[in-house]
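Welcome! Have a look at the structure below, and then we will work through some exercises together, one step at a time.

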2 protein chains.
Amino acid sequence: MDALRGYGELGLGSRLKRVSEYMMRETQLVYNHFNIDFDPYLFPMFKIISNKKGVTNSEIQTSLQFTQPAITQSINKLLKKELITYQFDELDKRKKIITLSNKGNKTLEKLKPIWKKIDIVIKDYTLESSSSLIEHLNILENKLNTKSFSKTIIEKIKKEIAQNIEIVSFDSKYSKNFYDLNIEWLKSYFIVEPYDDNVLSNPEKYIINKGGYIFFAKINNEVVGTVALMPIGNEDLFELTKMAVSPKHRGFKIGQKLMQHTIDFSKLIGLPKLILYSSRKLENAIYIYRKYGFIEVPVEPNCPYLRCDIKMALVIDL
Amino acid sequence: MDALRGYGELGLGSRLKRVSEYMMRETQLVYNHFNIDFDPYLFPMFKIISNKKGVTNSEIQTSLQFTQPAITQSINKLLKKELITYQFDELDKRKKIITLSNKGNKTLEKLKPIWKKIDIVIKDYTLESSSSLIEHLNILENKLNTKSFSKTIIEKIKKEIAQNIEIVSFDSKYSKNFYDLNIEWLKSYFIVEPYDDNVLSNPEKYIINKGGYIFFAKINNEVVGTVALMPIGNEDLFELTKMAVSPKHRGFKIGQKLMQHTIDFSKLIGLPKLILYSSRKLENAIYIYRKYGFIEVPVEPNCPYLRCDIKMALVIDL
DNA sequence: GTTATTTATATAAGTACTTATGTAAATATA
DNA sequence: TATATTTACATAAGTACTTATATAAATAAC
């Protein structure tokens, strides 16, 4: 099947190239997945610039052993992406002193955790003793064939992020987050009813002051999801509502974390039952509701939301 | 110095690429050195075509795991170099059945000994146990930095060729070789005197029948060099003359092999002394003459060649 | 038995480098 | 102090791939 492997040491050059190109492509997929505008080929240069705080074209060249035009071209790409800036050396006007831009520093911070995981995975794949370089390549390619490099990395990162989700209670400083997170899915799936806008704009008035609760999911201090418990009529009955996750952070099981927290909290304060109104359009949400034990019940005619076509209930085992 | 090395596993992709490109460039230098019109990037494809005797574009593609346009483009390059031919499959008119051309087979034969040496050198560099892929790359790059890959390969091949040089005595079938080999250096360094052309065209008449000897150096049955011993006046005195090595095969110590053989032969048949006429322009030749014990003697005024400005003699220790 | 899909190959344009060459500032040379 | 050389960077064009798309023959679907 794989002719190159059959050629042993003779095919080493072509093989190194193949593995390299595979890893580059896969790393690009990882960057794309996390919406980072970066390019694996720019890694060595970007790393040098970030390490040395002020380097010239030719300094990079001697560090990397690429040709000088390759460095110039990469610098131009980094400039186009606005990740670096430069100024001319005052003593030697030919020299361009290159540093990371603000955007570059921000991107660097986003890249660091990814690089960390890449390093871990490659170490996991390659820190194994073997009797020849070819054998090491075989080991590496076997592992890459079993499961794609990008998938492995992405899953590891997601897992770590999921573990670092923090759930916090309402604070007025989160009011804007509460509005933004909810208006996003409302706008994209339905039309925003005036009552919606009122509640979302004044969560303290409509939820907290009426004895309700709002929780937020945070990753590295960034608010990425929310959910609310709102008392309705009967003192013991609460509606689970206003659940939202930022589009950029979907796929990290943030919704499930919020749901688990809400149920745990309800148990803690002794709420016997939660209900919720939703729409069958929101398949992902319904999936989570069912997964956490919500069961479909008949929708009453005077349902509070126009978009509602499903009602679910969860009896809490106190 | 080498930033990429400092980045460890994280820089693996870029590093594999760097090593691969280095090996490709160096392999190209080896092919160029031996005047073989071939390209290291074409190796995997060419090898498949030569192994399978009749393959299609898509068969190559599945064997190599490159993209299909890459295969089409390489096929076009091989066609341009006239190394392959193709014909359409009779059952499926879309399929191009590709085979090596005559020129391709000849090139393959030239390539095989080079590939053998490349394999040996890479094995020498990489068949070493180590605890990680990165460490293996370090070992390889260290060795490649010590001495260039191309130089190592070229030297090994030359050494082997030098060991396979065969010296044979005159046979009329070598007459044309004798002429061609000598006329080449005569033309490029001097003007061909009528007497030269006569002698070179009729070696049997002018050398063999007069009691002289001609030897030829052969590599794989190809005549690559020659030298003659011609009796002059005195029965015991012979002139070493008409020494020539094909330009393509210079650097393999063929001249030295011919010289050693001539001296050994002279000893065997009891010649006490050899003389030769040459030109100081021919530095490489003079170097060999001195190396094998020839000592400069005064040039007589009636020197047989116009170009002659040096006479040398070797007294043979019988 | 026509139509849709798949397969085999070709073409076009883009990318990340390369080699070759150009330009301007700095430094060495005379 | 004028001129030659070196250094720092830029530009142009080529290469060995890539992705996207086209085309024609073969096969499947209806």
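The exercises below go from a whole chain to the contact between two chains and then to single residues.

This is a predicted model, in which local features need pLDDT of at least 70 and side-chain atom pairs count only at pLDDT 80 or more, while totals for chains, interfaces and linings use all residues. Residues are numbered from 1 along each chain as its sequence is written, and chains are lettered from A and ligands numbered from 1 in the order in which they are written.

**Exercise 1. Describe the overall build of chain A.**

Step 1: Start with the elements. Chain A has 13 helices and 9 strands; helices (H or I, at least four residues) and strands (E, at least two) are DSSP runs, numbered from the N terminus.

Step 2: Turn to the spread. Chain A has a radius of gyration of 26 Å, well over the 20 Å that the globule rule gives for 318 residues, so the chain is more spread out than a compact globule. The radius is taken over C-alpha atoms, and the rule is 2.2 Å times the number of residues to the power 0.38.

Step 3: Along the principal axes, the C-alpha atoms of chain A fill a box of roughly 75 × 55 × 35 Å.

Step 4: Look inside. In chain A, 30% of the 318 residues count as buried. Here, buried means that 20 or more other C-beta atoms lie within 10 Å of a residue's own, exposed means 12 or fewer, and partly exposed is in between, with C-beta atoms placed from the backbone.

Step 5: Check the contacts (two residues whose C-beta atoms, placed from the backbone, lie within 7 Å). Among those in chain A between residues at least 6 apart in sequence, 56% join residues at least 24 apart.

**Exercise 2. Work out how chains A and B meet.**

Step 1: Note the residues involved. Chain B gives 42 residues to the contact and chain A gives 42 residues.

Step 2: Find the main contributor. On the side of chain B that touches chain A, H2(B) gives the most, with 11 residues.

Step 3: Sort by class. This side of chain B has 21 nonpolar, 14 polar and 7 charged residues. Ala, Val, Leu, Ile, Met, Phe, Trp, Tyr, Cys and Pro count as nonpolar, Asp, Glu, Lys and Arg as charged, and the others, Gly among them, as polar.

Step 4: Relate the copies. A rotation of 179° with 0.1 Å of shift along its axis superposes chain B on chain A, with an RMSD of 0.3 Å. That is the relation of a two-fold axis. The superposition is by least squares on the C-alpha atoms of residues with pLDDT of at least 70 in both copies.

Step 5: Compare the surfaces. The same surface serves both copies, as 100% of the contact residues of chain B recur in chain A.

**Exercise 3. Describe how H7(A) packs with H7(B).**

Step 1: The axes of helix H7 (residues 133-146) of chain A and H7(B) come within 10 Å and cross at roughly 145°. Axes are lines fitted to C-alpha atoms, for helices over the stretch in contact, and angles run from 0 to 180 degrees between N-to-C directions.

Step 2: Name the partners. A:Leu133, A:His136 and A:Leu140 in H7(A) meet B:Leu133, B:His136 and B:Leu140 in H7(B).

Step 3: Class them. This contact of H7(A) with H7(B) has 4 nonpolar, 2 polar and no charged residues.

**Exercise 4. Is A:Ile310 buried or exposed?**

Step 1: Locate the residue. A:Ile310 lies in strand S9 (residues 310-315) of chain A.

Step 2: Count neighbours. A:Ile310 has 20 other C-beta atoms within 10 Å, so A:Ile310 is buried.

Step 3: List contacts. Not counting residues up to four places away in sequence, A:Ile310 touches A:Ser278, A:Ser279, A:Arg280, A:Glu296 and A:Val299.

**Exercise 5. Describe the setting of A:Asn221.**

Step 1: Locate the residue. A:Asn221 is in the loop between strand S4 (213-219) and strand S5 (222-231) of chain A.

Step 2: Check the backbone. Most residues other than glycine have a negative phi. For A:Asn221, phi is near 70°, a positive value in a residue other than glycine.

Step 3: Count neighbours. A:Asn221 counts as exposed, because there are 6 C-beta neighbours inside 10 Å.
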